[in-house]
Structure formats: C-alpha cells, structure tokens
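Trainee: Please pick one part of this model and go through it closely. I would like a single connected account, with the cut-offs stated as you go.

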Amino acid sequence: METKSKYLVIAAGEAILQWINKEQTLIQKLKSSETMTLGDLKKWLGYWMLARGNPVNQRDDLLKGINEFLRPSILSSSDDELRQ
C-alpha cells in the first residue's frame, strides 16, 4: 500500500505541473493578443470543460464580455495574482 501512495504523490505533482503549464500558456496568449477570438474562447472552454454549458449561439456575447470586462483585469494582474 505504501508504494501506491508514493506513486499517487508523484502523479498528483505531475498533474499539477501539467495544469499550470497549460493554464500559463492560455493566459500568455490572452495577454499577448489585442483581443480574445472565438477560436481562443473555444480552446479555453474546451480546456476547462465548459463548452456544453456555453452554447455556440451565446458565445459572441460571452466573448464580448470577456474582451470588455475580464481581459482588462487579466492584463492589469501579475502572473502571481493570476495563479491564485
């Protein structure tokens, strides 16, 4: 049983690193572009498994809200603040 626990600790650490790397890539892309595009939104929703809850016919409004309200907050935040 002790060996299983060691493997779980290793697996959990690796999962966290993979998540951080992917999330950081998504945030850096958002920060480096003028606006978030529908393609970016699709990737983001897919990564967070939120696509089903955000129907395609409502994504234009969601994208508008992100670009007008959320994106400015992200741009003004440090990387450390975004990780919290």
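Mentor: H1 supplies the largest share of the lining of the second largest pocket, five residues. This is a predicted model, in which local features need pLDDT of at least 70 and side-chain atom pairs count only at pLDDT 80 or more, while totals for chains, interfaces and linings use all residues. Residues are numbered from 1 along each chain as its sequence is written, and side-chain values use heavy atoms, without hydrogens and water.

The lining consists of Lys22, Thr25, Leu26, Lys29, Leu30, Met36, Asp40, Lys43, Trp44 and Tyr47. H1 and H2 are the elements that give two or more residues to this lining. Helices here are DSSP runs of H or I with at least four residues, numbered from the N terminus. A pocket is an open set of points on a 1 Å grid where a 1.4 Å probe fits, with protein on both sides within 12 Å along at least five of seven lines, and lining residues have an atom within 4 Å of a point. By residue type the lining divides into five nonpolar, one polar and four charged.

Two of the lining residues, Asp40 and Trp44, are also among the buried residues of H2 (residues 38-47), which are Asp40, Leu41, Trp44 and Leu45. These four lie on the same side of H2, because they cover an arc of only 130 degrees around the axis, taken from the directions of the C-beta atoms. Buried means under 20% relative accessible area, exposed over 50% and partly exposed in between, with a 1.4 Å probe and protein chains only. The buried residues of H2 pack against helix H1 (2-32) and helix H3 (59-75), with contact meaning heavy atoms within 4.5 Å. The face of H2 turned away from this buried side carries the exposed residues Lys42 and Lys43, and Lys43 is again one of the lining residues.

Tyr47, also in the lining, forms an aromatic pair with Trp48. The geometry of Tyr47 and Trp48 is edge-to-face, with 5.4 Å centre to centre and 85 degrees between the planes; ring centres must lie within 6.5 Å, and planes over 60 degrees apart count as edge-to-face. The structure holds one aromatic pair. Tyr47 counts as partly exposed at 23% relative accessibility, and Trp48 counts as partly exposed at 34%. Met49, which follows H2, has a positive phi, near 55 degrees.

Note on methods: Rings of Phe, Tyr and Trp (its six-membered ring) pair if their centres lie within 6.5 Å; planes under 30 degrees apart count as stacked, over 60 as edge-to-face and the rest as tilted. Ala, Val, Leu, Ile, Met, Phe, Trp, Tyr, Cys and Pro count as nonpolar, Asp, Glu, Lys and Arg as charged, and the others, Gly among them, as polar.
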